[in-house]
Structures are given as structure tokens and as C-alpha cells.
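This report goes through one protein chain, from its longer features to single side chains. The sequence and structure come first.

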Amino acid sequence: MTAYPISLSSKYSSIELVNIIATTWTYKVFIALFLLPVGVFLSDIVKRFENTDYYDLDISYNPFLAFKEENKKIKRNMFGEKK
């Protein structure tokens, strides 16, 4: 929102500048929406190839419990395991 007006304000009118900003934003949103399923698909292939998939199970991110000692062993690699 600030880079285009600063760098292009001397070359384009304000209406053209708004058009450039809106077109660029729309293009970026559509590309991101199109490439999201592709990225999810490719990451799934990599996870299956490497046989890894990590989850934070049984982990508390409560800062007040950060120094509480527990002797539980946590299995973080849950790929392919059935519950």
C-alpha cells in the first residue's frame, strides 16, 4: 500500500495508481488461491516420501506451566499410525 504510491506517484495519476494497486492485489490473491492446493499436494507427497509428519500432541503452551516437570514420553512422529 505504500511502495506503489511512493515509487509510482510521479509517473501515474491517482486513478491509474489505484487501478495498478487493485490489479496487483487481485493477481496476488488469485495466484495464492490457485497455488495453495498445489502446495498442499506437494507437501503431502514429500511427507509420504520421507515418512514424517509431526504434530504437537500433549504439549501445553501455557507459560505458567513451562517449568512443570512431567516424565511423559511424547511420540511426535504420528505419520501412518492408527489410533
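## Buried residues of α2

In this predicted model, the buried residues of helix α2 are L17, I21 and T24. Part of what covers these buried residues is α1, which spans residues 3-8.

A22 also belongs to helix α2. A22 counts as partly exposed because its relative accessibility is 37%, and the cut-off for buried is under 20%. Between A22 and M1 there are 9.9 Å in space, C-alpha to C-alpha, for a separation of 21 residues in sequence.

## The chain as a whole

The protein chain contains two helices and zero strands. Of its 83 residues, 7% are buried. Its accessible surface is about 8,000 Å², and carbon and sulfur atoms account for 64% of that area.

Contacts between residues at least 6 apart in sequence were also sorted by separation: 28% of them join residues at least 24 apart.

## Course of helix α2

Helix α2 covers residues 14-50. With 37 residues, α2 reaches 51 Å from its first C-alpha to its last, close to the 54 Å expected at 1.5 Å a residue.

The helix bends by about 30° at L35, and the proline P37 follows within four residues. After the end of α2 comes N51, which has a positive phi, near 60°.

## Nonpolar surface patch

Y27, I31, F34, L35, V38, F41, L42 and I45 together make a nonpolar surface patch of about 810 Å². L35, the site of the bend in α2, is one of the residues in this patch.

V38, another member of the patch, lies in helix α2.

## Salt bridge

The count of salt bridges comes to one. Side chains of opposite charge can pair when their charged atoms come close. Here the side chains of R48 and D44 meet, with 3.4 Å from N to O, and the cut-off for a salt bridge is 4 Å.

R48 and D44 are separated by about one helical turn because they are four residues apart in helix α2. The two partners fall into separate accessibility classes: R48 counts as exposed, at 54% relative accessibility, whereas D44 counts as partly exposed, at 31%.

Methods: Residues numbered from 1 in each chain as written. Predicted model: local features only at pLDDT ≥ 70, side-chain atom pairs only at ≥ 80, totals over all residues. Heavy atoms only, no water. Buried < 20%, exposed > 50% of the residue type's maximum accessible area, 1.4 Å probe, protein only. Contact = heavy atoms within 4.5 Å. Areas by Shrake-Rupley, 256 points an atom, 1.4 Å probe, with all protein chains shown as cover. Patch = residues over 30% accessible without salt bridge, like charges linked within 9 Å, V, L, I, M, F, W, Y side chains within 5 Å. Expected span 1.5 Å × (residues − 1). Bend = angle between axes of the 7 residues up to and from the residue.
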